[in-house]
Each structure stands twice: as structure tokens, then as C-alpha cells.
Protein chains: 2
Amino acid sequence: MQNRSPSGGGESLLFLTDDQLRKGIEAMFFAYRGFTADPDRILAKHGYGRAHHRAIHFVNRQPGTTVNNLLDILGVTKQSLNRVLRRLVEDKLVDSRVGPHDKRERHLYLTERGRVLEHELSEAQRRRMRAAYRAAGPDAVQGFRKVLEQIMDPQMRVFLNTMSDRS
Amino acid sequence: MQNRSPSGGGESLLFLTDDQLRKGIEAMFFAYRGFTADPDRILAKHGYGRAHHRAIHFVNRQPGTTVNNLLDILGVTKQSLNRVLRRLVEDKLVDSRVGPHDKRERHLYLTERGRVLEHELSEAQRRRMRAAYRAAGPDAVQGFRKVLEQIMDPQMRVFLNTMSDRS
DNA sequence: CATTTTATGTCAGTCTTGTTGACTTTCCAA
DNA sequence: TTGGAAAGTCAACAAGACTGACATAAAATG
């Protein structure tokens, strides 16, 4: 019993057994745990959680982004994000500035301290990804990215590939 | 400025920019959210959370597994798992039987009701994975699996590829 | 100019799912 | 047979999600 359609490659219709899919599902679960493990350890030392990491990551990625922008990306409620941001502002990792044109908005920036933690977190995460990419090879990486983009909701796909400007 | 090493394919050493890695990291984040979205909706209807899904999934995968086995797989504390299992046993989705040889152990099985919910959850998750796999193509799927296995901790890699017996 | 809408934030309370610590039951080995 | 290890349960607590109600201030609209 083979899993591929006879032609064997490309865009043909795949025969996908439940067991094949189950392995992919479990792989996602286990990989995501590994993926978050290194940052989680660093965050725990500082008394933060995964929610703080996410906020720091996306503020770093789009300096000057507003709270509302972040809400769209993170997909949580403003109350939940607010708790996290308040803490980060208190701890002087994030700077919240009133909008120059629209004073209702708060524009968010990492402080120097914020950038230090961001770098520590992202470097740990990149280290694991780099090792995985190198072990799997460039073709596998391309496939990896391709499947992940298909799994996510289309909105996020757009966001992912815009704004790779800085640096 | 190109991202690949000159040879362009295969097992050569990759030049991986921080931006390439960042895209992979964000792709994991967004994809995982999509990955859990469909089951989450179903679970919410029944008043369950993601933890219940995980327990149901792995009890279904290894009928008769013990609590200790589950703990190794799930990577949470036994107290945390116990709360989830207690609820599932109360609700008659999981059957907990005292071990025949070692009475300290509890062997776990899905009931008929449990299997019904398990199927609803896994079918929703498979539907999304199937669509993503088909859109990405078989080569991409192979790469996807390969990179995920590299990201996860090695212990889990072993578990993933053993025990694909039933069915 | 008055009213409504939007953006942000606060407060209170709930739920899920992690955590640690204390405990019981059971098994096994000294 | 007794003492420790292993498996599982119970109690209490914390992080971080959620909802709903409300306050404030600015912008947009009539």
C-alpha cells in the first residue's frame, strides 16, 4: 500500500491516509513544544511568560506599531494584551508613546533593555531553527515553509510576507 | 544578496539570514494557531479545552496506556493531567481501569462516547492538514515533516515513529 | 456645536491549564 | 516486616486567556 499517487511527484492528487495525517499532526504538536522550549526557559528566569515574548517579538518587528495592530496579529483580547503590555512598560522594556497624529493611539517601541531581552529570546529560537534547517537541508526548508503557509489562516500569510524591510 | 550557498541544493551548508529564520519562526506561530483553531471551536461547544483534546488524542492512539505514559508524552505535571482526566472519566469519555498486574497503575481507554468526540476532533484537524498537504504537494510535505522532526526534542522523534500499528 | 463613534484603558470576575506541596495506596526490596 | 519508591489523588495557587461594564479622550459626523 503506497501513499503517493502513481505519478510520484508534483501537483498530483495525494492519497493521504489517516495515519500519515496523524503523524503530521503529532509532529506539529511536538515540534511546537520544542520551538517554544528555549525562550520559555529564558522568560521564566525573568518572570515573564509566552505572552510577553509574543508582544516583544512583534513590537520589535514593527517599531511604532499600535495596540490595535498588535491585537490583529496576536488574536487575543485587548484586556489580555493590556495586562502584558502594562507590565512591559512598567519594567521599561517597552515604550508607549501617544500618537502624533491621532492621540488616541499608543505607538509601541522597545527600549534598549527591551531590545536586549528580545535579542536573547530570538537568538535562542533562531539557534534551534538554524540547526533544524541545516540538518534538514534547503529543499526541506522550502517545503516546511510552504506547508506552514497553507496551514495558517490566509490573513496571516499576507502579513508574514509583507514588511521584511528593516535591515 | 542571495540567501543560498552557491551550490544551490542538497546538503551544503546554508547561509541563513536572521530574516529568513524570523519568517520561519513566525510561520510556526501562525500555523500552530491555525492548526488548533478547528478543534478549539469543537471543544468549546462541549466545554472542553486543548488539554482535553491532547489527552483524548493520546489515549486513543495508545489504548490502555497508563497515566505515567501520558505524562511523558504530554510533558505536564501529573496534577495537571489528573484534573483533565478526572473530568473526562466523570463525563464518561474515558474509562480508567486499575492495572491487572500493578494495582497502582490506571489503564486508560476511550469509551464509545470518547471515540465519537475523538473522531470529530481529529477529522477537523485532518481536514485542514489534508488541504494544506494537497496544496503544497508531496515534496513539500516530506520537507515539512523533516524539519518538524529536527525542531522537536529527540525523545519525541522516537515516539512519533513507533507504534503506528492499529488500523 | 452637539452627538456618536473609535481607541485605549481600567476594574471585576470567570475559566483553563499550568505549577508545588501534602497525601494515600500499592509494590518491592532490604 | 518495614521502609522507601512509584503511581495516582486532592488542595491551593498563578498565568494568561476570556467576558462584560465602564471611563476617558479624540475624531468624525450631523
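Student: Which strand pairs with β2(B), and over how many bridges?

Tutor: In this predicted model, β2(B) pairs with β3(B), the strand of residues 106-110, in the antiparallel sense over five bridges. Within that pair of strands, B:Val98 stands opposite B:Arg106 of β3(B).

Student: What is the strand order in the sheet of chain B?

Tutor: The order is β1-β3-β2, an open sheet of three strands with antiparallel pairing.

Student: Which strands stand at the edges?

Tutor: The edges are held by β1 (65-66) and β2 (94-98) of chain B. Each has a single partner strand, so one side of each is left without a neighbour in the sheet.

Student: Which helix lies across β1 and β3 of chain B?

Tutor: That is α2 of chain B, residues 50-61, and it runs at about 95° to β3(B).

Student: Turning to α5(B), how many residues does it have, and what is its reach?

Tutor: Helix α5 of chain B covers residues 112-136, which is 25 residues. From its first C-alpha to its last it reaches 35 Å, close to the 36 Å expected at 1.5 Å a residue.

Student: What follows α5(B)?

Tutor: B:Gly137 follows α5(B), and the phi of B:Gly137 is positive, near 90°.

Student: What area is buried between them?

Tutor: The size of an interface is often given as the accessible area lost when the parts come together. Between chain B and chain A the buried area is about 6500 Å², and carbon and sulfur atoms give 70% of it.

Student: Which three residues supply more of the area that chain B buries than any other three?

Tutor: They are B:Ile25, B:Phe30 and B:Ile151, which supply 10% of the area that chain B buries against chain A.

Student: How many salt bridges are found across the interface?

Tutor: There are six salt bridges between chain B and chain A. In a salt bridge at 3.1 Å, N to O, the side chain of B:Arg128 meets that of A:Asp153.

Note on methods: Residues numbered from 1 in each chain as written. Chains lettered and ligands numbered in written order. Predicted model: local features only at pLDDT ≥ 70, side-chain atom pairs only at ≥ 80, totals over all residues. Heavy atoms only, no water. Helix = DSSP H or I, 4+ residues; strand = E, 2+ residues; numbered from the N terminus. Expected span 1.5 Å × (residues − 1). Pairing = 2+ DSSP bridges. Contact = heavy atoms within 4.5 Å. Axes fitted to C-alpha atoms, helices over the stretch in contact; angles between N-to-C directions. Buried area = accessible area lost by both parts, 1.4 Å probe. Salt bridge = Lys/Arg side-chain N within 4 Å of Asp/Glu carboxyl O.
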